[in-house]
Amino acid sequence: MQTNAVIVESAVVLAVVLCVHMAVWNQHSWCSIALIIQAFYVQHKWDRLLRSGGAVFQFRPSANSGIVPASMVMPLLGLVLRERCSASGNVYFERFSMVVTITGMMLALFLSLIALGITRPVPTNTCVIAGMAGSAILYTTKQTLTVSEVIEVLEVLLIFVYLSLIVLYLMPRCFTPGEALLIVGGISFIINQLIKRSLNLAEVKGDPVNYFLPVVVVGSLLLGVVFALLFCFMESETWVSSLFFHIMSAVLALGILLPWLSLFIGRHPIMWLFDFVTLNDKRLCLLSYWAFLCIVATCVVLHQNYQRQAGSKKHQASTVVRKYFHLIVVATFVPGLIYDRQLLHVASVGCLAVFLFLEYVRYFRIRPLGQLLRQLLTLFLDERDSGPLILTHIYLLLGMSLPIWLFPGPCAPKGVLPGAGGLVPYAGVLAVGVGDTVASVFGSTMGEIRWPGTKKTMEGTATSVFAQIIAVAMFLIFDSSINLNATYSWIVGSITLVAMLEAYTSQIDNLLLPLYLLILLLL
């Protein structure tokens, strides 16, 4: 039954790859077909290693390796971004998109080499297929990238190797191999881009808003890695250790990250941020509305914990209760998408920083909030939170925010893409906020007919597609900047493909689904 689910999941991803290939039709799109074929074979080797316990690190249990869907995200994203930037005549971002494509392919090949290297006996057929795919990708790299671009790809690969060792060692059972590829690969690319731009400040251009995310990601990573290593040798629950943690966090933020950020935006970040949020009354109203929703979410957490204390100790939040937070996030993001996307971009980056900091406080039991956060969040754990970190809420934020962060603004005339591309910033709201929520609620309460090889129901998938179509109609009414230009059939097909992926994948759907819907909408 599990094999059937893996095959259908791979077939859905193959359908997306073929859609991109037919739209792009170049050397890199042919390489993406070769990549998914070798990834399909390698996934079975990874799955066997996970079942036998032969993998080097401890990965998330009760899920397949997820190599196929994760391997294709960066290459496909680079392909569709290149097509958009080529149409708009932006040569710089067209070359940048090619680097994204080749980098994603190289990271996927590296993960394949690891699986083939530790599999015994050596899988000859899979090695031959992986070798042919790797040769095609290397030849295409030589033909299409300059020497400096190849060096950039190798830099990302080097960062990925060392960062993977650190992350997978410090956070066992938190990721599948595919999730590790997607998350650590993305972080490695961000780190390399930040270093590259820091060394070439004279060439730094673009919107200051775009520099907040790289600095927050690198700062959060530094904070987590340093204290994870430090607390291996000292007790983290004492007041002395907690005070040291807070002091060093303040030093990192005020003494390193803020000066670093000021180099990119040309002003003191706090003053720039103050002027940014007080630019008009609309932004102040949005901030007040979001603060109210934060209070509502906090009240939901406290109320559910009160019910647990009043009832059985084994009480656990149901699927419906967990989806309350999806609705709150939808209510947060939709007004921002309609009225002020720049403010939403900055606010979502700030929210990510707060979430990561609070998770460090919870994980290390930093006083005074560490133990309290552990008690409050335990209620909302599910089978995906099998490691020492609780990442579900962070994945939800990422799934909603990634389409906004990845929106190709320099390649979009007047900040809006034509046709189905107008819905790109809404990809997270559609796939996670509406589609995944409706599928889970209706599937768990009224679903009876299950998809073969999975616990998901056909009723849940059907209502998910229908709800997303209604959401698209609502966005057309309230957001006048969207002009679909008779691409309705493509939008419905894209939503249906992503809904099928949600039904069959065992990976983190909050992270995977928005990225695939974004790729399809960019075509």
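Guide: Happy to. Let us start with helix 12 (residues 319-339) and helix 13 (residues 341-364), which pack with their axes 6 Å apart and at an angle of about 140 degrees. That angle makes helix 12 oblique to helix 13, oblique being what remains once angles under 35 degrees are taken as roughly parallel, over 145 as roughly antiparallel and 65 to 115 as roughly perpendicular. The axes are lines fitted to C-alpha atoms, for helices over the stretch in contact, and the angles run from 0 to 180 degrees between N-to-C directions. Helices (H or I, at least four residues) are DSSP runs, numbered from the N terminus.

A word on the source: this is a predicted model, in which local features need pLDDT of at least 70 and side-chain atom pairs count only at pLDDT 80 or more, while totals for chains, interfaces and linings use all residues. Residues are numbered from 1 along each chain as its sequence is written, and side-chain values use heavy atoms, with hydrogens and water left out.

Back at the helix pair, helix 12 brings Phe 333, Gly 336, Leu 337 and Tyr 339 to the contact, and helix 13 brings Arg 341, Leu 344 and Ser 348; contact means heavy atoms within 4.5 Å. By class, the residues of this contact are four nonpolar, two polar and one charged. Here Ala, Val, Leu, Ile, Met, Phe, Trp, Tyr, Cys and Pro count as nonpolar, Asp, Glu, Lys and Arg as charged, and the others, Gly among them, as polar.

Now to the cysteines. The whole structure holds one disulfide, a term used for a pair of cysteine sulfur atoms within 2.5 Å. Its partners are Cys 85 and Cys 411, with sulfur atoms 2.1 Å apart. The torsion about their S-S bond is about 90 degrees, so the disulfide is right-handed. This pair links distant parts of the chain, 326 residues apart: Cys 85 sits in helix 3 (residues 67-88), and Cys 411 in the loop between helix 15 (392-405) and helix 16 (427-445). Both Cys 85 and Cys 411 are buried, meaning under 20% relative accessible area, with exposed over 50% and partly exposed in between (1.4 Å probe, protein chains only).

Cys 19, by contrast, is in no disulfide, and the nearest cysteine sulfur, in Cys 31, is 19 Å away. Cys 19 is partly exposed, at 24% relative accessible area. For Cys 299, the closest cysteine sulfur is that of Cys 294, at 11 Å, too far for a bond. Cys 299 is also partly exposed, with a relative accessible area of 43%.

Notes. Helix = DSSP H or I, 4+ residues; strand = E, 2+ residues; numbered from the N terminus.
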